[in-house]
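The briefing below is meant to be read alongside the sequence and the coordinates.

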Amino acid sequence: MGEEDIRKYLSRHTGGAKPAPKRPARIARRARPQQQEAFKDFSATHLYCPKCKQANPVRENIMLYLSDGNLFNYSCEICGTSVGTRKGGG
Ligand SMILES: [Zn+2]
């Protein structure tokens, strides 16, 4: 192996290597929890109404009186569509 070969060898294995393409730094944008998930434990006064296609103030109505907590129904104040239920004490 002559000096020239060594130089070629080195350039191929070191200098010839392309720098790893830099990826644009991703902005860690946390996805907002879906409305469906928020339903699990919410005490919101605004909920997404599928009919109005937007979050509207909701009316809380008790649906069922249960021994371990009552069941509440939330309906859109604008159109009256039921947008969710919640089980809770009180
Ligand atoms: Zn509505």
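The protein chain contains 2 helices and 4 strands, where helices (H or I, at least four residues) and strands (E, at least two) are DSSP runs, numbered from the N terminus. Read along the sequence, these elements follow the pattern α-α-β-β-β-β. This is a predicted model, in which local features need pLDDT of at least 70 and side-chain atom pairs count only at pLDDT 80 or more, whereas totals for chains, interfaces and linings use all residues. Residues are numbered from 1 along each chain as its sequence is written.

**Sheet layout**

- The 4 strands form an open sheet in the order S1-S2-S3-S4 with antiparallel pairing, two strands being counted as paired if DSSP finds at least two bridges between them.
- Strand S1 (46-49) and strand S4 (82-88) stand at the edges and have a single partner strand each, so one side of each is left without a neighbour in the sheet.
- From one strand to the next the twist averages 45°; the axes behind such angles are lines fitted to C-alpha atoms, for helices over the stretch in contact, and the angles run from 0 to 180 degrees between N-to-C directions.

**Strand pairs and their hairpins**

- S1 is joined by 4 bridges to strand S2 (residues 54-64), and the two run antiparallel; within S2, Gln 54 stands opposite Cys 49, and Asn 56 is the bridge partner of Leu 47.
- The hairpin of S1 and S2 has 4 residues between the strands, and Lys 53, placed in the loop between S1 and S2, has a phi near 60°, which is a positive value in a residue other than glycine.
- S2 and S3 run antiparallel and are joined by 6 bridges, with Cys 76 in S3 as the bridge partner of Val 58; their hairpin has 5 residues between the strands, and Gly 69 in the turn has a positive phi of about 130°.
- Strand S3 (residues 70-76) pairs with S4 over 6 bridges in the antiparallel sense, where Asn 73 stands opposite Thr 85 in S4 and Leu 71 has Lys 87 in S4 as its bridge partner.
- The hairpin of S3 and S4 has 5 residues between the strands, and Gly 80 in the turn has a positive phi of about 85°.

**Burial and the nonpolar core**

- Buried residues make up 7% of the 90 residues in the protein chain, where a residue is buried if 20 or more other C-beta atoms lie within 10 Å of its own, exposed if 12 or fewer, and partly exposed in between, with C-beta atoms placed from the backbone.
- The largest nonpolar core has 5 residues, namely Cys 49, Val 58, Tyr 74, Cys 76 and Val 83; a nonpolar core is a set of buried Ala, Val, Leu, Ile, Met, Phe, Trp, Tyr and Cys residues joined through C-beta atoms within 7 Å.
- In soluble globular proteins, nonpolar side chains tend to be buried together.
- Lys 53 counts as exposed, because 8 C-beta neighbours lie inside 10 Å.

**Contacts around Cys 49, Asn 56 and Ile 78**

- Among contacts in the protein chain between residues at least 6 apart in sequence, 26% join residues at least 24 apart, two residues being in contact if their C-beta atoms, placed from the backbone, lie within 7 Å.
- Leaving aside its neighbours within four places in sequence, Cys 49 is in contact with Gln 54, Asn 56, Cys 76, Ile 78, Cys 79, Thr 81 and Val 83.
- Asn 56 lies in strand S2 and is buried, because 20 other C-beta atoms lie within 10 Å; leaving aside neighbours within four places in sequence, Asn 56 is in contact with His 46, Cys 49, Cys 76, Glu 77 and Ile 78.
- The C-alpha atoms of Asn 56 and Ser 75 are separated by 9.3 Å, the two residues being 19 residues apart along the chain.
- Ile 78, in the loop between S3 and S4, is partly exposed, with 13 other C-beta atoms within 10 Å, and, leaving aside neighbours within four places in sequence, Ile 78 is in contact with Cys 49, Cys 52 and Asn 56.
- Although Ile 78 and Asn 56 are 22 residues apart along the chain, their C-alpha atoms are separated by 7.1 Å.
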